[in-house]
Number of protein chains: 2
Amino acid sequence: MIRPLSIGVAGLGTVGAGVLKLLTENAEVVAARAGRPVVVSAVSARDRTRDRGVPLSALRWYDDPVALASDPHVDAVVELIGGSEGPARALVEAALRSGKPVVTANKALLAVHGAAIAELAEAKGVPLGFEAAVAGGIPAIKALREGLGANRIQRVAGILNGTCNYILTTMREHKREFAEVLAEAQKLGYAEADPSFDIDGIDAAHKLAILAALAFGRPVDFGAVHVEGIRDITALDIALAEELGYRIKLLGIARRTEAGISTRVHPCMVPVSAPIARVEGVFNAVVAEGDFVGRVMLEGRGAGAGPTASAVVADLIDLARGRHTPVWGAASGALNGAASVPMERHVGAYYLRLMVLDRPGVIADVTGVLRDYAISLEAMLQRGRAPGEAVPVVLTTHDCEEAAMRAALSRIATLEAVLEKPALIRIEPL
Amino acid sequence: MIRPLSIGVAGLGTVGAGVLKLLTENAEVVAARAGRPVVVSAVSARDRTRDRGVPLSALRWYDDPVALASDPHVDAVVELIGGSEGPARALVEAALRSGKPVVTANKALLAVHGAAIAELAEAKGVPLGFEAAVAGGIPAIKALREGLGANRIQRVAGILNGTCNYILTTMREHKREFAEVLAEAQKLGYAEADPSFDIDGIDAAHKLAILAALAFGRPVDFGAVHVEGIRDITALDIALAEELGYRIKLLGIARRTEAGISTRVHPCMVPVSAPIARVEGVFNAVVAEGDFVGRVMLEGRGAGAGPTASAVVADLIDLARGRHTPVWGAASGALNGAASVPMERHVGAYYLRLMVLDRPGVIADVTGVLRDYAISLEAMLQRGRAPGEAVPVVLTTHDCEEAAMRAALSRIATLEAVLEKPALIRIEPL
């Protein structure tokens, strides 16, 4: 008889309960894949009384999650508490320090403290699984860390936040404004009461930092990620994008350039013909481009109890089978120190939408500023005529440097005929 | 100093040369991911003189591929000869028998002899990698065998043959007929001189048999796969599909039903809104549906030297790291014997296109036959009017059983006013 893998689960929210449910309902499938049963023997959560839809009475209960790590009958710890500090971090570090493998869904912890945690795991020779931390049920970590491991990756990009993608999709399909759709998403449970983590791009940036570390074989560097969210996206810009053959998506993009690695999260205009443009609603997608494999896209549900539990248990199966991969795909000595490129050095095309007074000379003023910064226009589009009143004007540019575009934009914003803060959205040839 | 993984490569065609090129150009990346260098020390191929664009003079050369297996300096064998019999099979069996791991891109071998080969590998405790056998560079094997391993899979489906997808895409985009596009694809090198393996669906069926074994945890059963190719698809049917909101794709589909597992390869009408409908040209895609993860789709290049080499070397990295997964994801004792469901029992909707004499009463005769077999109509569409001459008539049905549809079809084909063999295409609600 082979010994089961005995695990301790900290955090019994939606995901924790999902993991327990999966391990019960699919016990046979999991045991076949894992080569032995995977059983939960201990748990930790704040509220002992809440009904989580799964029986808990036979399990050892710890009020302090860190105590799970020292339970001698726990072979591996599953951390589903969340947050980059506090008990989640304390538990992960305690478990690794005592030589116990860890599986976590915690993107914030890995993005912020992943470099040190990876070093600890390596020093102790202990596996650390985090498939659930990025893109939910999509096996994106495994694809980058193992499946595409033979490639030099040039770019990894993705729709990494389902809340934002749901909001943008709904705004487009129903021609509605951001605030209204957000409020509705909150009512439906697709957005948190405090939505800033999602809609300001921070959650996507955590995930992108992790993907970039894996893709380029260097320690995670969350601080280097340029982050913008979707609060300023309007129904007007979505409609104009459609007219120009684009769709607006919040993307995380990490790219290898001659100057180093650039990592950024911001709304993008992507051509409607690009596969990622069709990933709608709460779905996530990850695109990787390798020198031998070309472009690979993975698409699926990026959140929710079921998909996240699927990813957590995939990591447990790897543990049970003894399949061990270094945290960033290579040992720390084999990671590289490629520099991070600041956003000011970004080169790309831009969509610029202004609200201007409809009167002669305004376009000449605006394009004159762009000329002063050597920014060349690709197209110009004025929608409607209303002499003496406000009309939208759209300009798209050829490739130029972000620093030049920002300088031009702040001058354009001061022009008397420019009535609102201009909207700037980067165009991505994905 | 860690010992390199020393490999022997049999078969130096496009893919073999691609593997050697990758291991040279990306030696540093591969060594970092693998934890040690992966080096080619011996090769086997028929022609010693051909220039393959990679230096071979320093390598031991074997005229007989089977001899690679007994080279004491070869740790693992890479089989890229192809074919289900002959030297490929002899080499794989010899290597496994002598306890050496094997990596192969050979779908025919695995589809036809995979059950016995897996047992041999298991008896010897030796890993067998075949990521390159299905969907080229897309890490589909790893996703099904490991990444989605916690799920009960309900369905796996895919565009598994790039040649067919290229032909169907080109027929649609340029409104051209099959024979013409095939001839052009042969000139461009997208189709073989003898194209039947691809266009008659056999290659896709090999791959589907492998995916079904992985998805449902049972030994591979190529004989159970129902196979139809794309020779009979016409530009007319593609245009009519478009009108009805469908796109025609050659799909491999394996589904778990109450009666058992059904596996089939045939042209399908898929809704234009389905993500797989947008996978065009030489691209492949694999969709898996699991009980916890929901639907996951993977998309990328399914063939060619680069993508295939990427998959072969991913398997070598797993070997070098000591990551070992049973051939079908579970040990033979944990595989199940789920029955195969014959095609006659398939239940689904159908598209039926007839060329009929445009005269009163014809539609009544045709629909009368369908009524006799209890097949209920979803829609009927007659294109153009030409009294006394041939016009196309399209019927789409609600779900019915394949056996009933076939019986009805053979009676319809005998109706005097039906001028050509009717076209039958299954509608898939992917």
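This short talk walks through a two-chain structure, from one chain to the contact between the two.

Good morning, everyone. A word of caution to begin: this is a predicted model.

Let's start with chain A. What does its secondary structure come to? It comes to 13 helices and 17 strands. The chain has 430 residues, and 53% of them count as buried. Its C-alpha atoms fill a box of roughly 85 × 45 × 35 Å, taken along the principal axes.

Now the radius of gyration. For chain A it is 24 Å. A compact globule with 430 residues would have a value near 22 Å, so the two agree.

Next, contacts within the chain. Take those between residues at least 6 apart in sequence. Of these, 75% join residues at least 24 apart.

Let's zoom in on one strand of chain A. Strand E9 covers residues 246–257. Is E9(A) mostly covered or mostly open? Mostly covered: 10 of its 12 residues are buried.

Which strands pair with E9(A)? One of them is strand E7 of chain A, residues 153–159. E7(A) and E9(A) run antiparallel, joined by 4 bridges. To see this pairing on screen, find A:Ala157, which stands opposite A:Ile253 in E9(A).

Another partner is strand E10 of chain A, residues 260–271. Here there are 12 bridges, and the sense is again antiparallel. E9(A) and E10(A) form a hairpin, with 2 residues between them. Look for A:Thr257: its bridge partner in E10(A) is A:Gly260.

A general point on strands. In a regular strand, side chains alternate between the two faces of the sheet.

Over to chain B, and a sheet with another kind of pairing. In what order do its 6 strands lie? The order is E3-E2-E1-E4-E5-E6. The sheet is open, and the pairing is parallel. At the edges sit strand E3 (60–62) and strand E6 (128–129) of chain B, and each pairs on one side only.

Inside that sheet, look at strand E1 of chain B, residues 5–10. One residue pair to find here: B:Ile7, with B:Val40 as its bridge partner in E2(B).

Now, how do the two chains relate? A rotation of 180 degrees, with 0.0 Å of shift along its axis, superposes chain B on chain A. The RMSD is 0.0 Å. The two copies are therefore related as by a two-fold rotation axis.

Next, the contact itself. It takes 48 residues from chain B and 48 residues from chain A. Which elements of chain B each supply at least two residues to its side? They are helix H2 (27–34), helix H6 (140–147), strand E12 (294–301) and helix H12 (305–321). H12(B) gives the most, with 9 residues. By type, the side of chain B that touches chain A divides into 23 nonpolar, 14 polar and 11 charged residues.

Why do we say that the copies meet through the same surface? Because 100% of the interface residues of chain B are also interface residues in chain A.

E12 of chain A, residues 294–301, pairs with E12(B). The sense is antiparallel, over 3 bridges. And A:Leu298 stands opposite B:Leu298 in E12(B).

That's the tour. Thank you.

Notes. Residues numbered from 1 in each chain as written. Chains lettered and ligands numbered in written order. Predicted model: local features only at pLDDT ≥ 70, side-chain atom pairs only at ≥ 80, totals over all residues. Pairing = 2+ DSSP bridges. Contact = placed C-beta atoms within 7 Å. Nonpolar A, V, L, I, M, F, W, Y, C, P; charged D, E, K, R; others polar. Rg over C-alpha atoms; globule rule 2.2 N^0.38 Å. Buried ≥ 20, exposed ≤ 12 C-beta atoms within 10 Å, placed from the backbone. Least-squares fit on C-alpha atoms with pLDDT ≥ 70 in both.
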